[in-house]
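Please look at the structure first, then read the points by topic.

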Amino acid sequence: MSEMNGVTTSRQRWKYLDRVLSRPGPFTDEDWVPGEEVISFLESAKVLVIGAGGLGCEILKNLALSGFKDIHVIDMDTIDVSNLNRQFLFRQSDVGKPKAEVAARFVERRVKGVKITPYCGRIQDKDEDYYMQFNMIICGLDSIEARRWINAMLVGMVDMENPESMKPLIDGGTEGFKGQARVILPTMTSCFECQLDMHAPRAAVPLCTLATIPRQPQHCIEWAHIIAWEEERKGDILDNDDPEHITWLYQKALARAKEFNISGVTYSLTQGVVKNIIPAIASTNAIIAASCCNEAFKIATNTNPYLGVPETANYMMYSGDDSIYTYTFEHQRKEDCPVCGNLAKDLEINARWTLQEFIDSLAERAEAQLKKPTLRTEKSSLYYQSPPALEEATRPNLRKKLFDLVSDGEEIAVSDPAFQIDFKFRLLFRDK
Ligand SMILES: [Zn+2]
């Protein structure tokens with residue numbers, strides 16, 4: 001055996017993979033033919049990975065070790081020293097270099113025969129022709145905006161006459177000990193936009209809980225942050241980066257925690273809560289990336305049914321903060337999804353709001369999250385963010401009440417520079 005001298009022959013590495021690909025299994029279809037054809041499809045499949053960070057490093061390594069040989073990766077970031085604890089394709093000497101480039105070269109060195117083509121830049125730099133060349137796309141991103149963009153792009157690319165234009169999108173996401181992996185078949189299954197409410201901003205703890213009955217260390221810290229600071233240091237502007245300020249909050253929170261017999265208040269938790277930092281956890285990234293690559297492998301080889309087949313489960317959520325829990329379910333398409341649906345979404349509004357108040361509410365709504373919207377009705381322009389002349393001309397509308405601008409049940413179109421799509425809303429007046 002060649003293992004004696006530490007060298008593995010090229011096929012040795014794929015021994016277990018070959019077993020899966022060269023004989024039928026309990027989940028393969030009757031007409032599935034194992035062997036050469038499947039292996040060569042896997043090797044020639046073109047896969048795009050978006051993101052070369054915590055999830056991306058795992059995904060690139062997993063794909064290469066699963067037999068994919070033509071991988072592309074996009075990332076706009078450079079390597080920071082704080083990435084090194086989990087983004088294991090990077091070394092101290094790589095700090096400052098582009099992530100996509102370094103990750104690609106590392107995996108190519110370790111897994112002979114794989115080709116990884118990096119692009120250091122934004123996904124928005126690329127057009128439809130570029131995305132059309134891939135068999136599937138895997139996202140390992142932390143930005144919701146970037147995921148909404150690529151989702152809208154892939155839904156928009158689908159041409160019903162050409163089945164090849166439908167590119168499976170595998171999306172992984174993590175937040176601390178929680179994460180999810182999902183497969184989106186654009187226009188066939190629920191899309192990222194349909195599922196946007198799964199990313200609703202986290203509910204704030206009611207002030208009364210903070211003031212009266214804290215139950216968690218975080219409540220004590222929020223109490224120090226919101227109430228104690230205001231009472232005792234009014235006039236001082238809290239600076240999250242000032243160690244004296246954080247120490248003060250930490251000690252206040254610690255004293256309060258003692259009073260209520262709560263443990264767990266630490267300096268770094270205080271910093272995390274005040275700055276709203278969710279720690280990136282290497283094991284969560286590893287689990288979610290593994291799940292995504294498992295789906296990619298199943299889609300490429302048909303060795304097993306994959307997530308996302310219409311009317312079956314398409315969404316796997318994972319929670320690792322209190323033992324280990326996963327739940328896999330079907331997230332259903334929304335007929336009024338602004339990206340893949342046909343209907344305008346009903347939006348209940350207060351007609352006495354000004355247009356500005358309505359725009360502010362669009363930024364907060366979980367299903368919209370639009371920060372710089374341009375709004376128009378069939379008949380008129382309500383507000384344009386640009387060009388400057390149009391902005392100036394429509395600016396007076398911001399102070400007008402909605403009932404002066406639109407009628408009950410009227411449809412408006414909202415666009416936002418961050419997205420390629422128009423959102424259609426039907427405004428319904430509440431408490432007329
Ligand atoms: Zn949708």
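The axes of helix H8 (residues 217-232) and helix H9 (residues 243-259) come within 8 Å of each other and cross at roughly 125 degrees. Axes are lines fitted to C-alpha atoms, for helices over the stretch in contact, and angles run from 0 to 180 degrees between N-to-C directions. H8 is therefore oblique to H9 (the class left after under 35 degrees, roughly parallel, over 145, roughly antiparallel, and 65 to 115, roughly perpendicular).

This is a predicted model: local features need pLDDT of at least 70, side-chain atom pairs count only at pLDDT 80 or more, and totals for chains, interfaces and linings use all residues. Residues are numbered from 1 along each chain as its sequence is written.

**Helix contact**
- Residues of H8 in the contact include Trp223 and Trp229, and those of H9 include Lys252 and Arg256 (contact: C-beta atoms, placed from the backbone, within 7 Å).

**Sheet**
- Helices (H or I, at least four residues) and strands (E, at least two) are DSSP runs, numbered from the N terminus.
- An open sheet of 8 strands has the order S3-S2-S1-S4-S5-S6-S7-S8, with mixed pairing (two strands pair if DSSP finds at least two bridges between them).
- Its edge strands are S3 and S8 (325-329), each pairing on one side only.
- S2 (residues 70-75) and S3 (residues 115-120) pair in the parallel sense over 6 bridges, and Val73 has Pro118 of S3 as its bridge partner.
- Strands S5 (residues 169-175) and S6 (residues 178-184) run antiparallel, joined by 7 bridges.

**Helices on the sheet**
- Helix H6 (residues 144-157) packs on the sheet, and its direction makes about 170 degrees with that of S4.

Terms used
Contact = placed C-beta atoms within 7 Å.
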